[in-house]
Amino acid sequence: MATQASAVSAARLKTATKNGKTNGKAHQAAAGRSAGDVKNLALADKGYLRMEWAAASMPVLQQIKTRFEKEKPLAGLRLAACLHVTSETGNLALTLKAGGAQVALCASNPLSTQDEVAAALVDAGIPTFAIKGEDQATYYRHIAAILDTAPQMTMDDGADVVGVLHKDRRELLAGILGGTEETTTGVVRLRAMAKEGVLAYPIVAVNDALTKHLFDNRYGTGQSTIDGMIRATNRLIAGSVFVIAGYGWCGRGLAMRAKGMGADVVVTEIDPLKALEARLDGFRVMPMSEASAIGDFFCTVTGNSEVIREEHFKRMKDGAIVANSGHFNVELDLETLARIATGRRQIRDFVEEFTLKGGRRVVILAEGRLVNLAAAEGHPSSVMDMSFANQALSAEYMARNHKKLENKVYSVPQEIDE
């Protein structure tokens, strides 16, 4: 059951987050609570400890937070953030608040929320609307809640806030100075909007930063995806045929990690140059129509839709394990899989088994949602330190330079990246 809450004192927040650390008991002395919709506020102590543990591996963001506390570059700015609500995101939110921003946060995926962190953030005075496992209606209600703050800046992970603003809340667009976007998926959406001339305010593509995609996408996704698949299944990677759809930065990282664990890695890739790169990196390359018949594990990291479809499911081995680590759950055609299945059952947490005609079984992890965050904890903190340092500094850049910018998508300035 979700819990509603009201404002916490600045004094308690200062005590609880002093020097980048958190005090898990300090929130108990709070006079009130800040508005939000989370699973259980009693989880706040555990959330503070999770954020403290993450902060120990996020020195760059902590340096930015220290400067922000002194300079207040975001003073009075209302900022609506739609991000994965994890311990690393919690530290970003505290950094933005330290810079003077009035932050409202919601989840960018129904299964990626860490409920303990959401509770701690509400307790720390940051309105947070996120519950792990929330349904689609709740997901969009939470986006509406952060937009009800009449934000002047947006911070997106997948461009859903931008999409809702442009479709349903256009009355708010005139008040928005700019925004940032974290993901490849979101940047693709936003660049398409800019090309069509419909993007209503400037956005910095944090995903374009070298310190984001070279590390977050490659090393972060590579490790955390394997982590999620193993946590969900407890199956051995070594000796398996591991099929990876897509050989962008995320696919490169995942292939590297799967190979390192002893898998026979197969890559499917529609871009001929990336396919050649995968071959020269030592991986087998073939169409999904062929790979679907030999894979033990499958994972999509393309950003495209229906990458694994009906004809592929019908060719898979009995017990094939299928996951997605792209932002949206559209890379697997799960509607068709459900239609052709003769039975389905939840066999473990985040593990659903579909029985097909003839008795063959196909296993889907985490409802086809990004398995690294749904079944595990997402990227390691040291990787997110770079990504979220880019977010914080790009928000500062947008606050200072929005009047000079056009309504288009900008790369992270080189001086910030460096």
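Reader: Does Arg67 count as buried, partly exposed or exposed, and at what relative accessibility?

Author: Please bear in mind throughout that this is a predicted model. Arg67 has a relative accessibility of 26% and therefore counts as partly exposed, given that buried means under 20% and exposed means over 50%. The residue belongs to helix 3.

Reader: Which residues does Arg67 contact, apart from its neighbours within four places in sequence?

Author: Arg67 is in contact with Leu393 and Glu396. As for Ala98, which lies 31 residues from Arg67 along the chain, the two C-alpha atoms are separated by 8.9 Å.

Reader: How is the packing of two helices to be described?

Author: Two packed helices are described by the angle between their axes and by the distance between those axes. In the present case, helix 3 (residues 59-71) and helix 4 (residues 87-98) have axes that come within 8 Å and cross at roughly 20°. Helix 3 is therefore roughly parallel to helix 4, since angles under 35 degrees are classed in that way. The crossing of helix 3 past helix 4 is left-handed.

Reader: Which residues make the contact between helix 3 and helix 4?

Author: Helix 3 contributes Leu61, Gln62, Ile64, Lys65, Phe68 and Glu69. From helix 4 come Asn91, Leu92, Leu94, Thr95 and Ala98.

Reader: At what angle do the axes of helix 2 and helix 4 cross?

Author: The axes of helix 2 (residues 44-55) and helix 4 cross at roughly 85° and come within 8 Å. Helix 2 is therefore roughly perpendicular to helix 4. Arg50, Met51, Ala54 and Ala55 of helix 2 meet Ser87, Glu88, Gly90, Asn91 and Leu94 of helix 4.

Reader: Let us turn to aromatic rings. How many aromatic pairs does a search of the whole structure find?

Author: A pair of aromatic rings is described by the distance of the centres and the angle of the planes. The search of the whole structure finds 4 such pairs. One of them joins Phe242 and Phe297: the ring centres are 5.7 Å apart and the planes are at 20°, so this pair is stacked. The pair links distant parts of the chain, with Phe242 in strand 9 (residues 241-245) and Phe297 in strand 12 (residues 297-300), 55 residues apart.

Reader: Are Phe242 and Phe297 buried or exposed?

Author: Both Phe242 and Phe297 are buried.

Reader: Which residue lies over the face of Trp249?

Author: Arg252 does, at 4.2 Å from the ring centre of Trp249.

How values were computed: Residues numbered from 1 in each chain as written. Predicted model: local features only at pLDDT ≥ 70, side-chain atom pairs only at ≥ 80, totals over all residues. Heavy atoms only, no water. Phe/Tyr/Trp six-rings, centres within 6.5 Å; stacked < 30°, edge-to-face > 60°. Helix = DSSP H or I, 4+ residues; strand = E, 2+ residues; numbered from the N terminus. Buried < 20%, exposed > 50% of the residue type's maximum accessible area, 1.4 Å probe, protein only. Lys NZ or Arg CZ within 6 Å of the ring centre and 35° of its normal. Axes fitted to C-alpha atoms, helices over the stretch in contact; angles between N-to-C directions. Parallel < 35°, antiparallel > 145°, perpendicular 65-115°, else oblique. Left-handed = near helix turned anticlockwise from the far one by under 90°. Contact = heavy atoms within 4.5 Å.
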